[in-house]
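Let's take a friendly walk through this structure, one part at a time. Here it is to look at first.

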Amino acid sequence: MATSQSGSPGHSTILCAGLNAHSQLQEDTTDDIHKLRPIELPSDRREGVDVLFSGWSNTVLQSGNRIWSQGFQKLDATITANENGIYTHSAFGDHNGLLGLMSPSGDVTLVAPGPESGTSTLQPTSTDSSPQISHIALTGTDRIAITFRQAPNGRLCHVAEFENLEKFLSWYRDPSDAESYPDKHHMLPGRPKQLLGNMLSFLLLMEGGEVYSWGDARYQSLGRAVVGEGATAAGKPGVVEALGGLKIVKVATGGWLSAAVSEDHALYLWGAASEPGCEGSIKCLQEAGAGEVALVGLPAEAHSEPLDVVDRTADFTPLAPIVTASSV
Amino acid sequence: MYTHGTFVAQDTDEKSVPHDRDDDQSALPGQKRKASGVLVMQSHDDDNDNNQHRANELLQSLAEQIQDALNVATPDEAVQQCGQAPLRIIATHPDKVLELAHTKLHASPFQSVPLHWRRLFEEASLHKVAKLLKDRALRVHPEDRAKRRRIDNHTAVASHSGDWLLGIVEVLDRGISLSGAPGRKYVFDGIFEQLGEHIANEATPDWTCFRIIKPPDLKSTHPIIRKSGPFDHETFQEHLRIDCQPVIITGAIENWPARQLWENPEYLLRHTLGGRRFVPVEVGESYVSDGWSQRMMPMRDFVETYLLPDDTAETGYLAQYDLFAQIPALRHDVRIPDICYSDPPPANADALRTAGLSTVEQLDEPLLNAWLGPKGTKTPLHTDPYHNVLCQVVGYKYVRLYPPSETDRLYPRGVDEKGINMENTSRVDMSRLWSLVHDSLAEEVDQENREFPLFQEARFVEAVLGPGDSLYVPLGWWHYVESLTTSFSVSFWWN
């Protein structure tokens, strides 16, 4: 996984660590990177670089209008900015690489694989009938969720779910076709701020600070009860009640683990660090029940600094690096 | 090409060259040696070298066989659906691909695991084994210490106190158990067979037969009826037509080799590659108790930790597991009872409510399950959507049965917090309400009766099964089973 961090003003460093079997973090080796270190960048693109997508086999970076992939997928392309000069809003992909991008105006562009492990190319895919989307996310089981663009004063968030990318695309290109209707449709109060997917479930953070989760309830990944009185079924978005009352400003998720940072810089975790049969667990989560979250204690000197969580980990990575102004 | 029983002559020059005596004779740690046993480890340098060479040749040969098998891939094979990124590194980084496949396997709904992830897990397991074998072969070679040091630094082998073979068996068994070996079962079988031959002369521990003390007779007012068998399936079908009730058939499994062979735990060891084969063990009081878990461990560890000691901190139970699919040799020790081929009468209204009945498939052949555990294993009161014959081979078990018509008095559970439907299991803790070997606490009995008032009114039948007994449990009958001694049983499910 790769994470960006601000160092001295105007200059950002991207630190990386973890799986490197496709040389997605460091070119000259396929060994794991055990300690955070600056990611290798091409010599002509060292300024203003950000991580667009971090996956099991590649890392996609962006600098201005250029995006490129390091690792298994071969990609080197130009994207267009919207009228405000802002480039891509969000990216989604899987263990084989980047699958698509969504611009700030909600246009979806696909990443089409090249012939015989050749270079991939970008393929705009919106049509005139394509609905306006504000967020898109993918789970490790290939399910896709999207939120519809809201009017500036809109208060109702519409979420649609699709079984896989293909089904989403056929609906996206022609939503009037009855065969292509979304698998599920949810309506929730609020304005969406972040929509993320991990191995089995989705996480939706509203601008008002509420967090919804839905998908598969295994491994406590939803952070909420799914049976019992008043509980929302796993397949429908339900509020992560343990965070109720807190205003959450950012969420992150990967693998079976989720994290939320509150307005007052406290960090909460829920889920599992790994599936059964694997070693390793997170101490503070060991005693948490299905609907519980754990408050993570950080060393005293970190408390005074604003906390941030990297939200661009791959669906597969079970770690969410915690970033402060001066340390990770 | 590996040929059995050949020894490669050593140059006399090598005799005086000291080489590391790391434990590569696949001897299990801490085992007692029989005085008369011929062990691989000898004090004579020549024999040691010969055996190392034999081992080396076997390792090379197995690695090559696996490689040859893995090289046969078809373009439209299911595993291609995983995409090229994992396939690109599967030979060089099988561990990473295993991790990916493991995660994807656990992401699927319980009922349907996509074939391509199972294939990837299977394939990556075999790649990892090939790598381990090659690395091990290089280590066994007495020359080239520099190469060996490099390999030591990079080979990710689980530490098994020097038993390299155990590490390889673990990868193989996990590969089979998690993937179901949908594409390469023959490769796994072939490797196990050759490994078995390789360790055929390994010494075995000095274990004696399981100590079984016959429990006192159960004086019951509601015993399960007993009939002297065996029955052929037509006779039994007539019995069912007249009265579809549970029955204990005696004398039906006398021709099972298991009756003689399974009394000695050493026999189990021999057929599980010296106890190295990994089996799933349930640890904890019962599958509804807190802290209950399942894990895989070598058969030898299971026997030594949970089966042989008189007292254990926790109960370990090798339960509801098709040991016979994993260890074909054991399959030959049992025979499917004829009655499993009878056509049971259609289920009555009560039995039709049995949990899971609507989703279960028609079986072409009965499902076999092994149940091997110490005294004190408890299987909570539950139903199965199949007809069942439970054959008692070693030891004694208490069984209590309630007919489907009593279901409403048995307080079936609902859906648990993880979303798993547990309605085939009763909420009543039977172990508190009955005991033959220890007195139930009066407060516990009162508590259960208060919480489940209707339960006391439910009618039941009960018995103690002993070696040679076969118990027929009709579909939908609630059953509670508790072992009174070390016990080894086999169940057959059919419909």
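## The RCC repeat in chain A

Over residues 209-264 of chain A, the chain is 0% helix and 36% strand. An unreviewed UniProt entry places the feature "repeat: RCC" at residues 209-264 of chain A. Please keep in mind throughout that this is a predicted model.

## Where chain A meets chain B

How many residues does each chain bring to the contact? Chain A gives 28 residues and chain B gives 25 residues. Between them, chain A and chain B bury about 2300 Å², with 61% of that area on carbon and sulfur atoms. On the chain A side, the residues that lose the most area to chain B are A:W56, A:H95 and A:R218, which together account for 25% of what that side buries.

Turning to charged pairs, the interface of chain A and chain B holds 1 salt bridge by the rule used. A:D32 forms a salt bridge with B:K96, and the closest N and O atoms of this pair are 2.5 Å apart.

## Two domains within chain B

Chain B is divided into domain 1 (2-23 + 32-198) and domain 2 (226-494). In the contact between these domains, 16 residues of domain 1 of chain B face 10 residues of domain 2 of chain B. The area buried between domain 1 and domain 2 of chain B is about 1100 Å², and carbon and sulfur atoms give 65% of this area. Of the area that domain 1 of chain B buries against domain 2 of chain B, 35% comes from B:L166, B:D173 and B:R174, more than from any other three residues.

Across the interface of domain 1 and domain 2 of chain B, the rule finds 2 salt bridges. Elsewhere in the list of charged pairs, the side chains of B:D163 and B:R276 meet in a salt bridge at 3.1 Å, N to O.

Is strand β6 (residues 367-373) of chain B mostly covered or mostly open? Strand β6 of chain B is mostly covered, with 6 of its 7 residues buried.

β6(B) pairs in the antiparallel sense with strand β5 (residues 316-321) of chain B, over 2 bridges. In this region, B:L318 has B:L372 in β6(B) as its bridge partner. β6(B) also pairs with strand β13 (residues 487-494) of chain B, in the antiparallel sense and over 7 bridges. Here B:N369 stands opposite B:S491 in β13(B).

Note on methods
Residues numbered from 1 in each chain as written. Chains lettered and ligands numbered in written order. Predicted model: local features only at pLDDT ≥ 70, side-chain atom pairs only at ≥ 80, totals over all residues. Heavy atoms only, no water. UniProt positions renumbered as here; feature names shortened; annotations may be inferred. Helix = DSSP H or I, 4+ residues; strand = E, 2+ residues; numbered from the N terminus. Buried < 20%, exposed > 50% of the residue type's maximum accessible area, 1.4 Å probe, protein only. Pairing = 2+ DSSP bridges. Domains from an automatic or database assignment. Contact = heavy atoms within 4.5 Å. Buried area = accessible area lost by both parts, 1.4 Å probe. Salt bridge = Lys/Arg side-chain N within 4 Å of Asp/Glu carboxyl O.
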